[in-house]
Each structure stands twice: as structure tokens, then as C-alpha cells.
Amino acid sequence: MDGTQVTGIHQLYARQSHLIDSGNAGGWADTFTPDGEFHSPTYPAPVVGRTPLRDFARDFARDARAGGEVRRHVVTNVYVESLDAEEARVSAYLQVMATRVAGGTRVLRLTALHDRLVRHGDDWRVARRDVRRDDTA
Amino acid sequence: MDGTQVTGIHQLYARQSHLIDSGNAGGWADTFTPDGEFHSPTYPAPVVGRTPLRDFARDFARDARAGGEVRRHVVTNVYVESLDAEEARVSAYLQVMATRVAGGTRVLRLTALHDRLVRHGDDWRVARRDVRRDDTA
Amino acid sequence: MDGTQVTGIHQLYARQSHLIDSGNAGGWADTFTPDGEFHSPTYPAPVVGRTPLRDFARDFARDARAGGEVRRHVVTNVYVESLDAEEARVSAYLQVMATRVAGGTRVLRLTALHDRLVRHGDDWRVARRDVRRDDTA
């Protein structure tokens with residue numbers, strides 16, 4: 001597997017967290033394809049397409065602020081399962097961490113990501129993300 | 001140090017966790033050499049060879065299920081200390097995380113891995129893993 | 001972005017944690033440029049230059065031992081924002097974890113690193129590190 005390709009995928013995952021956690025909702029949405037899909041048991045329905053994804057990221061930031069917390073998407077164990085000229089399959093772990101001002105840090109939830117990426121020039125975008133939560137049976 | 005080689009090693013560590021945590025005990029055991037060794041203060045004796053390693057991974061999954069928990073091996077700080085045509089030395093951090101269904105997530109233990117890898121075609125396998133626990137003196 | 005260059009930066013971050021956490025204060029200080037700067041709200045003033053950085057790392061280790069704790073710098077989400085022949089900008093997340101002997105593990109604090117790296121031969125060094133804490137407003 002080509003090292004530079006895998007490194008580009010690592011960059012995508014690192015960047016996505018910095019974008020959503022810093023409140024750059026549009027930047028986060030742009031890491032998905034125009035018809036990109038986000039499926040997660042945390043939310044009632046899939047989120048599909050750039051504008052809904054941007055609104056979703058904006059709500060995430062608003063909820064964190066309303067809760068008096070800083071939240072971080074800590075991504076680890078990024079594993080590129082398959083990779084060809086156009087597409088990649090990736091699994092990763094995601095710890096959502098929450099910190100209160102002048103307070104402690106806790107693991108809000110531990111999840112796994114299962115993504116289909118498609119190539120976009122020299123970069124990659126998420127075509128479909130499936131999140132699984134460890135605290136749901 | 002060759003980027004593609006280092007990337008291949010990152011892939012190995014990410015993949016190992018996905019294998020053992022998803023219950024693929026045989027797949028996890030196959031990431032070791034046939035005479036691969038696993039040394040950890042968490043367990044009474046070293047585990048050596050594919051069949052004992054597979055049984056060890058199976059027991060890990062069984063214990064987690066029996067405890068009503070999902071457990072994840074969160075690997076970070078993968079550092080390739082040395083690398084040549086046949087062998088690599090790697091250190092990494094490992095957080096074993098445990099999540100209860102409908103409950104919270106906690107750090108079960110924090111450990112460090114010190115591994116000797118040997119090349120296997122385009123891939124790498126663990127010849128010897130030494131785990132150190134932070135909660136033992 | 002060149003994969004081998006990005007991989008070298010990942011190596012730097014992994015290595016820094018292993019150095020400071022294992023008590024190799026001089027080795028950690030040497031990952032900074034001779035006039036490297038460390039800015040963090042955890043400490044009263046910036047730490048600038050190799051000798052002060054080494055003393056800083058030594059104090060970190062001493063405080064952990066005095067507190068009966070093992071501390072680990074768990075670095076994730078290493079994102080190379082920009083990279084040219086001489087310099088790189090990098091953001092990352094840092095969880096400082098603390099484990100008591102025969103006790104549990106907790107997240108001591110969650111922070112973000114914003115670094116300017118400069119090239120040093122085939123390697124990279126930190127010219128300036130800005131740490132932001134999630135628990136300060």
C-alpha cells in the first residue's frame with residue numbers, strides 16, 4: 001500500500017477533528033463528498049449532503065458551548081482496509097472527550113468509525129461514515 | 001527512514017486492535033510470527049506461539065462479554081525506534097478502554113508496548129511484545 | 001504533501017512523549033531548536049532554550065514521582081497544516097494521563113498543541129510550541 005496515500009488519509013482524519021472542534025462547520029462539511037452521508041446512532045437520522053452536514057457540525061459546537069464544555073474528537077487506530085485509485089475503506093476509533101472550564105475531562109463516548117472515502121484530486125473525501133457506539137447493545 | 005515502511009507499521013498497530021476488539025482472535029494471532037511472544041504483567045505467564053495467542057485473544061473477548069463491557073485497545077504514540085530490511089523496534093502507548101452498555105467509558109489500564117517486529121513480505125509481524133503497566137511499581 | 005516528510009513529523013511527536021515520560025529530559029529538550037520556545041497556560045512563563053527546556057522536563061518527571069503517579073503524554077490527531085523545505089506548521093491533541101500505582105488512570109488534562117517546526121537534516125525540531133488547555137476559558 002502506498003505510504004503517501006495512507007499518510008494523506010491520516011491527514012484527513014486529523015484535520016476533520018480540528019475543523020469540527022474549532023467550530024469550522026463549513027470546513028468539516030467540505031471533507032465529505034457533496035452527497036456524503038453520516039450515519040450515527042447518537043442522532044435520530046442520517047445526515048446527508050453538505051448543507052445538512054454543516055448544520056450538524058454547527059449544532060455540535062452550539063451544544064458543547066451551551067453545556068459549558070470543550071469537546072474534542074480524539075481519533076486513533078486509523079486503519080486503511082483497502083485502497084485503490086478511486087476509493088478507500090477505513091476504520092478508526094473515536095473518543096469524544098469533554099472538558100469543563102476549571103473542571104475535569106471525561107470520555108463522553110467511545111465509538112468506532114467505518115468510512116468509505118473517495119479520491120478528490122490529491123486528497124480524500126468521506127462518501128459515507130457509519131459510527132458505532134460502544135454503549136449501545 | 002522510509003515513509004512507506006513506517007506507514008506499514010502504523011497499519012499493523014491499527015489493525016491489531018480492530019482484530020482483537022472485534023473478536024477475530026485468529027486474525028490477531030496471525031499478526032505475530034509463528035513463534036511470536038507476548039509478555040505482560042497483566043497475565044501470569046508469557047503467551048508464545050499462534051495457538052496460545054489465539055486462545056489468549058479469545059479469552060480476552062470472552063472476559064469482556066462476561067463483564068458486560070466493550071473493550072478497545074486504543075494505540076497511540078507509535079514510535080519506530082529502528083528499522084532495517086528485516087527487523088524493526090517499536091514503542092507505543094496502549095489505553096485499554098472499557099464501556100458498559102448504557103453506561104460510561106473508563107480507562108481500564110494504561111500501558112506501554114515495546115515490540116520487536118520482523119518483516120513478512122510487504123508486511124510486518126510481532127516477534128516479541130513486552131507490555132509494561134503504569135499501575136505496577 | 002510528501003508522505004515521508006509527514007511520517008517523519010509523526011515520528012517526532014511519538015518520540016517526544018516517550019522521551020519526557022521515560023525521564024529523558026535532555027533528549028526531550030534536544031527535540032527543540034537551540035532557541036526553541038514552549039508556551040503553555042499550565043506554567044507561569046514561557047520556557048525558552050535547551051537548558052531551561054531540559055530543567056522543565058526534569059521538573060515534570062520529579063513532580064509525577066512526588067505525586068506517586070506515572071504520567072503519559074498521549075498525542076493524537078497530528079495534523080500537518082503546512083510543509084515546505086524548511087518549515088512546518090502542525091496541530092495536535094495532547095491528553096496528559098496519570099496513573100497511580102495499584103490505582104486507576106485518569107485524564108489529567110486535555111490540551112491542543114500548535115507548533116512551528118523547522119527542518120534539521122532529515123529530521124524536524126520544534127521552534128515554538130503553543131499549548132492551549134481546554135479547562136481554561
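Trainee: What makes the meeting of the side chains of Asp134(B) and Arg72(C) a salt bridge?

Mentor: A salt bridge needs a side-chain nitrogen of Lys or Arg within 4 Å of a carboxyl oxygen of Asp or Glu. Here the N to O distance between Arg72(C) and Asp134(B) is 2.5 Å. The pair therefore meets the rule. Across the interface of chain C and chain B the rule finds 1 salt bridge.

Trainee: What should I know about the model and its numbering?

Mentor: This is a predicted model: local features need pLDDT of at least 70, side-chain atom pairs count only at pLDDT 80 or more, and totals for chains, interfaces and linings use all residues. Residues are numbered from 1 along each chain as its sequence is written, chains are lettered from A and ligands numbered from 1 in the order in which they are written, and side-chain values use heavy atoms, with hydrogens and water left out.

Trainee: How many residues of chain C are in contact with chain B, and what counts as contact?

Mentor: Contact means heavy atoms within 4.5 Å. By that rule, 24 residues of chain C touch 21 residues of chain B.

Trainee: What area is buried between chain C and chain B?

Mentor: About 1,800 Å², with 57% of it from carbon and sulfur atoms. Buried area is the accessible area (1.4 Å probe) that two parts lose on being put together, summed over both. In chain C, Gln11(C), His18(C) and Arg72(C) lose the most area to chain B, together 33% of what that side buries.

Trainee: How many residue pairs are in polar contact across the interface of chain C and chain B?

Mentor: The rule finds 9, both residues being at pLDDT 80 or more. A polar contact is a pair of N or O atoms within 3.5 Å; within protein, one must be able to donate a hydrogen and the other to accept it, and residues adjacent in sequence count only if both atoms are side-chain atoms. α1 (3-21), β3 (69-83) and β4 (87-100) of chain C each supply at least two residues of the side that touches chain B. The largest share, 10 residues, comes from α1(C). Helices (H or I, at least four residues) and strands (E, at least two) are DSSP runs, numbered from the N terminus.

Trainee: Why are β2 and β3 of chain A at the edges?

Mentor: The sheet of chain A is open, in the order β2-β1-β6-β5-β4-β3, with mixed pairing. β2 (47-48) and β3 (69-83) of chain A each have a single partner strand, so one side of each is left without a neighbour in the sheet.

Trainee: How do you know that β1(A) and β2(A) pair?

Mentor: Two strands pair if DSSP finds at least two bridges between them. β1 (residues 32-39) and β2 of chain A have 2 bridges, in the antiparallel sense. Phe38(A) stands opposite Val47(A) in β2(A).

Trainee: In what sense do β4(C) and β5(C) pair?

Mentor: Antiparallel, over 13 bridges. They form a hairpin with 4 residues between them, and Ala102(C) in the turn has a positive phi of about 60°. Val96(C) has Arg109(C) as its bridge partner in β5(C).

Trainee: What strands of chain B does α1(C) lie across?

Mentor: β3 and β4 of chain B; α1(C) runs at about 95° to β3(B). Axes are lines fitted to C-alpha atoms, for helices over the stretch in contact, and angles run from 0 to 180 degrees between N-to-C directions.
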